[in-house]
Amino acid sequence: MSIDLTDPPLRSGPRPRTTGREIPHDQLDQFSPPHIRDALVADAQALAGVFTGPSQVSEPASLALRLHEPAGPWAAFLHPSPDEFGHIHRSGFLHLTVPVPLIEPLQRAGWIEPHPISRRPEWPDTIVMLYAPRDEAELAVARAVLRSSWRQATASSATENGVIIMRAMAFTDFGADLAATDLPVPEAGPGEVLVRVLASSVNGFDLGVLNGYLKGVYDYDFPVVLGKDFAGTVAAVGDDVTGLTPGEDVFGVVMRPTLGQGGYAEYVVVSRQYGLAKIPDGLDHTRAGVLGLAGTAALNAIDAVAPAPGETVLISGATGGVGAFAVQLAAARGARVIATARPGAEAAFVTGLGATWAVDHTDLPAQVRAITPDGVDAALHLAGDGPAVAALLANGGRLASTLHYLPDEPGRDIKATAVMADPSPATLARLAADVVEGRLRVPVARTYPLAETPRAIADFTAGAVGKLAVTI
Ligand SMILES: NC(=O)c1ccc[n+]([C@@H]2O[C@H](COP(=O)([O-])OP(=O)(O)OC[C@H]3O[C@@H](n4cnc5c(N)ncnc54)[C@H](OP(=O)(O)O)[C@@H]3O)[C@@H](O)[C@H]2O)c1
C-alpha cells in the first residue's frame, strides 16, 4: 500500500506525552509491540546502503541508521552529517530527519513533533520525533516516513559539483571489466520513471551485453550499466506520468532502446508504459527483482505452446531461471513436465517445482523416449541443442525457443515460435499475482550485494540452479 505523505491519514488517539526515550508505565500503550518494532527494524535494514548499530547519541538500545560503514568510531550525529539519518528507540519511536515539505502535513495529522534537539540553533529543524507505530496500519505510515528520510539522506550524501552521484556496476568499452563506477543519477524525461533500484538479477542477456555479443543489434552508450531486471521504489516521475507516485514499489525489465542504463545501479530511468508494474503487497523487492525477464520469457514460451491438461511438455534448460518458472507454469496448466536436470539435487529441484520426470540432458533422446516413445506434445528450448529437442516432438507438436531456434525440416508437422520476451505491464502484473497468490515460487538460489555482481556473473556462467539475485 502506498501512502501519500503530503496528505497522510490521521493518527488516532491523543499524542504521546513522552519522547520515547523514557518508558513511563502510563504510556505503554503508546509504544510499538515487539513484532511491529521488529518489522520496522527489518525494513530499515533492508534499505539499500543502510548500516545499523547502537546509537551513540541516544539510549544504548536505540538503533542508529547510517549510510556508510564507519571506518573508525561512530562519531557523527544525524543528517546532514553523511552518516546517521535517524535511529529507532527501543520503544519504536523514531528520531529522523524528514524532508521539509512533509513536516507540516505529518505534524498536522498527528504523526510527528519537532525533536527536542531541533530547538538547539545548531541543528536543522528537519529533525523530528515520529511516534511509535502501534499496529500494522501505523507501521505502513512509519515505513513511508522512514523511506522518505532515507531517500533524502541518500540523495544528498553523494554529490559532485552539485550533481547527484550514484553507485553502479558498469563497463566502459568492449572487452572492459564490469566495475563499480560513480555516475550521475539519471533524470526521468516525459513518460519516464526514476526508480531507486533495490534488487536485480543475472540473466543470459546481461552476459551477452557484457561480452559484446549484442554489438550491431543495440547501440552501446558507454559506460554501460548492466542489469536487465529491476525492482525498487519510485523516486521521481517525469511529465505526463500518471498513476504512479514517489515511494511506490515497482519492478520490471529495463527496455530502453539503447544499452546504457541498467538495473545494477542505485537508480534507473524506465518507461512508465512498458516493462514496469507495481509490486503488490506480499512480494518483496528481492523476489520481484528476479522475476521480470525470466518470468516473462517463461510465460510467453508457455503461452506459445499452450499445453493442455495431460499433455507432455519437455523443458530443456529447466534448471535455469526461465526454466524454473516454466516448469511451474506448465505444471499449473495440468501438463506432465519432463524437465532436464542432473540426477540428485537438480532433479529434486525440478520435481519440487512440479515436474513429473527429470531427465539428464547428456542422455536426452533415450530418457525422453523411455517416457514417451511417440514423442512429446510440446517442448521449450531454453538450453541445449535445438534440433535434438525438436526431434523429440510428436507429429503436430509445438516448440518454443528462447534461443531463437526454428526448425527447418520439410515434411515435419511442427509449430515453432521464437520467443522474444514481451514484459507488458499486464504480463508482469500477472506474474506478480501468481507469486503473491502462491501459484508461482521464485527460486532465488543466492543473493549478491551490488559490488559482487562480477562474482554473480561468474557463478551464473559456471552454472546456477534457479535465479541469482543482486541487491543494491
Ligand atoms: N529471447 C528472449 O527474450 C529471452 C529471454 C530470457 C532468456 N533468454 C535466453 O534463454 C536461455 C535461458 O535463460 P536462463 O536465464 O534461464 O539461463 P540459465 O539460468 O543459464 O539457464 C540455462 C539452464 O540450462 C542448463 N543447461 C545447460 N546446457 C544444457 C543442455 N545441453 N540441456 C539442458 N539444459 C542445459 C543450465 O545448466 P548449467 O548451469 O548446469 O549448465 C542452466 O540451468 C538463455 O540462453 C537466455 O539468454 C531469452
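Guide: P223 sits in the loop between α4 and β11 (224-225). Such labels are DSSP runs numbered from the N terminus, with helices (H or I) of at least four residues and strands (E) of at least two. The model is predicted, so local features need pLDDT of at least 70 and side-chain atom pairs pLDDT 80 or more, while totals for chains, interfaces and linings use all residues. Residue numbers start from 1 along each chain as its sequence is written.

Visitor: What is the peptide bond from F222 to P223, cis or trans?

Guide: The bond from F222 to P223 is cis, with omega near -5°. Most peptide bonds are trans, and most residues other than glycine have a negative phi.

Visitor: What is the phi of A306?

Guide: Phi of A306 is near 40°, which is positive although A306 is not a glycine. A306 belongs to the loop between α5 and β16 (312-316).

Visitor: Why are α5 and α6 called oblique?

Guide: The axes of α5 (residues 285-305) and α6 (residues 321-332) come within 8 Å and cross at roughly 45°. Axes are fitted to C-alpha atoms over the stretch in contact, and angles between N-to-C directions run from 0 to 180 degrees. Under 35 degrees is roughly parallel, over 145 roughly antiparallel, 65 to 115 roughly perpendicular, and the rest oblique. α5 and α6 are therefore oblique to each other.

Visitor: Which hand does the crossing of α5 and α6 have?

Guide: That crossing of α5 and α6 is right-handed. Right-handed means that the near helix is turned clockwise from the far one by less than a right angle, and left-handed anticlockwise.

Visitor: Which residues of α5 and α6 make the contact?

Guide: Among them are A294, G295 and A298 of α5 and G321, F325 and L329 of α6, where contact means C-beta atoms, placed from the backbone, within 7 Å. The contact of α5 with α6 has 11 nonpolar, two polar and no charged residues. Here Ala, Val, Leu, Ile, Met, Phe, Trp, Tyr, Cys and Pro count as nonpolar, Asp, Glu, Lys and Arg as charged, and the others, including Gly, as polar.

Key: Two residues are in contact if their C-beta atoms, placed from the backbone, lie within 7 Å.
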